[in-house]
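We will go from stop to stop, with something to select at each one.

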Amino acid sequence: MIDVACPFPFAVSPHAPQAREHLSIWTRDTGLLRGTRARERFERADFGWFAALVYPTADAETLKLMAEWFAWLFLVDDQLDDGDFGRSPERMAQAVRLMRRILDDPSAERGTPLPPAADALADLWRRTASRASPAWRGRFADHLEQCLTAATVWEAGNRMRGVVPSEDSYIANRRHTGAIYVCMDLIEIVERVEVPAEDYTAPTFRTALDAACDVVCWVNDVHSLSKERSLGEVHNLVHVVEHHHRLDERQALEAVGAAIAQRTEVFLAAEERLLREHPDDVPWLRPALAGMRSWMRGNLDWSRRTQRYASGPAEGDPRSYLEADLMDVRP
C-alpha cells in the first residue's frame, strides 16, 4: 500500500449515525439485502459513513438519500464484477434496458414484477428527479446509463476475452464504470445548485471535473487492488500500468500514486482559474468545486478505513454473499 497525500481538510456530516441506521432499514425493506452473509459484508463497508464524508454539508434527509444511492450503486457493481451475472451479456443487456426505461419514466413499469435493484432504482429516481430540472435529469440519466453500459459491455467484454485494456482506454472508461460522474452530479442535489448546461461542457470546468473524477477512481484502485486480484479482475489502474509498463506491483503503485498527485494539481489549477475568470458564477461554481474537493478527500478517508477492500480472499466464493435475484429480469 502507498500513502496518498491529499491537500483538502477532513470533514464529516453530523448526520452520519442516522444515515447508517437508515441504510440498514432501507436495504432490508427494499429487498436489496436478504442473506446473512450479504448483510454482514454490506455493514462492514459502512456506506452511511462514506456518504457522510463525501457530502458533509447535506441535511439529514438528503444524506439518507445519498446513502441509498451508494448502497444501490455498490450492490449493482458487485453483481457485475464479482458474480456470474457479469459474465452473461444477455442478462446484463436485459437489465440495462429495463433500468433505462425506468430512468425515462419511473412509473412506466408500475404494476410489473421487478427485480429488487430495478424496483429500488424507480423509487430512488422518483425522489431524486423531483428535486432537479429537466436538464439535470437528462444529464444524470445519461451518466447512469453510460455507467451501466461501460460495465456490462466494455468491461464485461474485456473480462470474457481475457483482455487487459490499454491505459488510455481504461482511464476514459473508468470514469463511467466507477459511476463517479453520477456521484458528482449528486453534489448539485445536496447543494441545491445546478451547473448550467453550457458551463458543464466548457473546457476548464471539464478539466476540473475529470481531474477530480480520476483522483477518486484511482485512489479506489489503489485500495481495492488486493480484493480485485483475488477475483482475477484486471480492471484496476495499478494492474493496467504494471502490465503494460512491465513493472512490479510496488513500482506500479508508486506510478499511480504520482499520477494521483499530478491530477490533484491539475484540479487545483483549473479551480483557481474558474473562480478568477468567472466571478459572476461563484454562487453555483464554488459549491460545485467544494463538492469535488469533498469527494476527493472523503473517498480517501473511507477507503483507508472501510473493510470492503480489506478482506481479500477471505471473502470466499462470491455466491456466498451476492443476492441471486437482485438484477435478473423476470420473464
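Here is a tour of helices, loops, a nonpolar core and some cysteines.

Before we start, please note that this is a predicted model: local features need pLDDT of at least 70, side-chain atom pairs count only at pLDDT 80 or more, and totals for chains, interfaces and linings use all residues. Residues are numbered from 1 along each chain as its sequence is written, and side-chain values use heavy atoms, with hydrogens and water left out.

**Stop 1: helix 7**

Select residues 134–161, which make up helix 7. Helices here are DSSP runs of H or I with at least four residues, numbered from the N terminus. Helix 7 has 28 residues and reaches 39 Å from its first C-alpha to its last, close to the 40 Å expected at 1.5 Å a residue; the expected span is 1.5 Å times one less than the number of residues. Now centre on A150, where helix 7 has a kink of about 35 degrees. That bend is the angle between axes fitted to the seven residues ending at a residue and the seven starting there.

**Stop 2: helix 5**

Next, select residues 89–104, the 16 residues of helix 5. Its end C-alpha atoms are 22 Å apart, in agreement with the 22 Å that it should span at 1.5 Å a residue. Colour the buried residues of this helix: M92, A95, V96, L98, M99, R100, I102 and L103. Buried means under 20% relative accessible area, exposed over 50%, and partly exposed in between, using a 1.4 Å probe and protein chains only.

**Stop 3: two loops with positive phi**

Most residues other than glycine have a negative phi. Go to D46, in the loop between helix 2 (36–45) and helix 3 (47–54): its phi is positive, near 65 degrees. D46 counts as buried, at 16% relative accessibility. Then jump to A179, in the loop between helix 8 (167–177) and helix 9 (180–191). A179 has a positive phi of about 55 degrees and counts as buried at 7% relative accessibility.

**Stop 4: D221**

Which residues touch D221? Show its side chain in helix 11 (residues 203–230). Leaving aside neighbours within four places in sequence, D221 is in contact (heavy atoms within 4.5 Å) with Y170, R174, N236, L237 and V238. A polar atom of the D221 side chain lies 2.9 Å from the backbone nitrogen of L237. D221 is buried, with a relative accessible area of 0%.

**Stop 5**

Select Y55, W69, F70, W72, L144, M184 and W295, the residues with the most contacts inside the largest nonpolar core, which has 113 residues. Such a core is a set of buried Ala, Val, Leu, Ile, Met, Phe, Trp, Tyr and Cys residues joined through side-chain atoms within 4.5 Å. Beyond its neighbours within four places in sequence, Y55 has contacts that include F70, C183 and W295. Then find S294 in helix 14 (residues 282–305). S294 and V54 are 240 residues apart in sequence, yet 5.1 Å apart in space, C-alpha to C-alpha.

**Last stop: the cysteines**

How many disulfides does a search of the whole structure find? It finds zero, where a disulfide is a pair of cysteine sulfur atoms within 2.5 Å. For C6, the nearest cysteine sulfur is that of C213, 15 Å away. For C147, it is that of C183, 8.5 Å away. C6 counts as partly exposed at 25% relative accessibility, whereas C147 counts as buried at 7%.

Notes: A polar contact is a pair of N or O atoms within 3.5 Å; within protein, one must be able to donate a hydrogen and the other to accept it, and residues adjacent in sequence count only if both atoms are side-chain atoms.
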